Amino acid sequence: SVRPEADPRHGRWAFGLTATAFVWALALVAGAFFVPVYSGVESGSAAGVVSTTSTLVGVNGLGVLLPVALPALLVALVWLALHRKCSRGSSRSGQVAWTLIVLLGTFSVLAMFSIGLFVLPTVLLLAGAATLTPGRPT
């Protein structure tokens with residue numbers, strides 16, 4: 001019988017989940033530039049009342065990209081750790097991956113009132129990938 005962790009489909013699913021988490025994390029960075037998250041109203045004597053919207057970068061400047069890009073960096077590091085676990089059978093790499101996933105989950109909880117809710121899908125996708133990533137066959 002085939003061990004469940006040795007099923008090659010698990011590796012493909014793990015890769016797909018990790019890739020999806022990375023794309024999601026990159027979309028958060030793009031969203032900081034293009035998705036209007038702030039709205040307001042301006043009044044002037046000539047134009048009357050005008051509704052306005054602005055992006056995260058538009059209101060907070062480029063410095064906001066540090067916390068917004070952190071999930072993408074952590075996803076890339078998890079991806080490398082899971083690849084090492086799968087290709088070399090490194091149990092330490094699996095532990096590193098889980099540590100980074102917990103760190104990203106903590107970040108998501110701490111940032112829940114800003115971007116944390118949008119980071120949560122990456123945490124869930126990576127947890128699924130880490131669970132499915134096979135070790136090197138013996």
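## The largest pocket

Helix 1 gives the largest share of the lining of the largest pocket, four residues. Helices here are DSSP runs (H or I, at least four residues), strands are DSSP runs too (E, at least two), and both are numbered from the N terminus. The model you are looking at is predicted, so local features need pLDDT of at least 70, side-chain atom pairs count only at pLDDT 80 or more, and totals for chains, interfaces and linings use all residues. Residues are numbered from 1 along each chain as its sequence is written, and side-chain values use heavy atoms, with hydrogens and water left out.

Helix 1 (8–34) and helix 5 (112–132) each supply at least two residues of this lining. The lining is made of A27, L28, G31, A32, V35, V37, L56, V68, S114, I115 and F118. A pocket is an open set of points on a 1 Å grid over the protein atoms alone, where a 1.4 Å probe fits, with protein on both sides within 12 Å along at least five of seven lines; lining residues have an atom within 4 Å of a point.

The volume of the largest pocket is about 250 Å³. Its lining holds nine nonpolar residues, two polar and no charged. Nonpolar covers Ala, Val, Leu, Ile, Met, Phe, Trp, Tyr, Cys and Pro; charged covers Asp, Glu, Lys and Arg; the others, Gly among them, are polar.

W24, V109, M112, F113, L117, F118, L120 and L124 make a nonpolar surface patch of about 870 Å². Such a patch joins nonpolar side chains (Val, Leu, Ile, Met, Phe, Trp, Tyr) within 5 Å, from residues with over 30% relative accessible area and no salt bridge. Helix 5 gives the largest share of the patch, six residues.

L120 counts as partly exposed because its relative accessible area is 32%, between buried (under 20%) and exposed (over 50%), using a 1.4 Å probe and protein chains only.

Y38 belongs to strand 1 (residues 36–44) and is partly exposed at 34% relative accessibility. Y38 and L56 are 18 residues apart along the chain, and their C-alpha atoms are separated by 7.5 Å.

V50 is part of strand 2 (residues 48–55), with 37% relative accessibility. Its C-alpha atom is 8.4 Å from that of G40, ten residues away along the chain. V96, in helix 4 (residues 91–110), is partly exposed, with a relative accessible area of 37%.

Conventions. Points joined across faces, edges and corners; volume = space filled by probe spheres on them. Patch = residues over 30% accessible without salt bridge, like charges linked within 9 Å, V, L, I, M, F, W, Y side chains within 5 Å. Areas by Shrake-Rupley, 256 points an atom, 1.4 Å probe, with all protein chains shown as cover. Salt bridge = Lys/Arg side-chain N within 4 Å of Asp/Glu carboxyl O.
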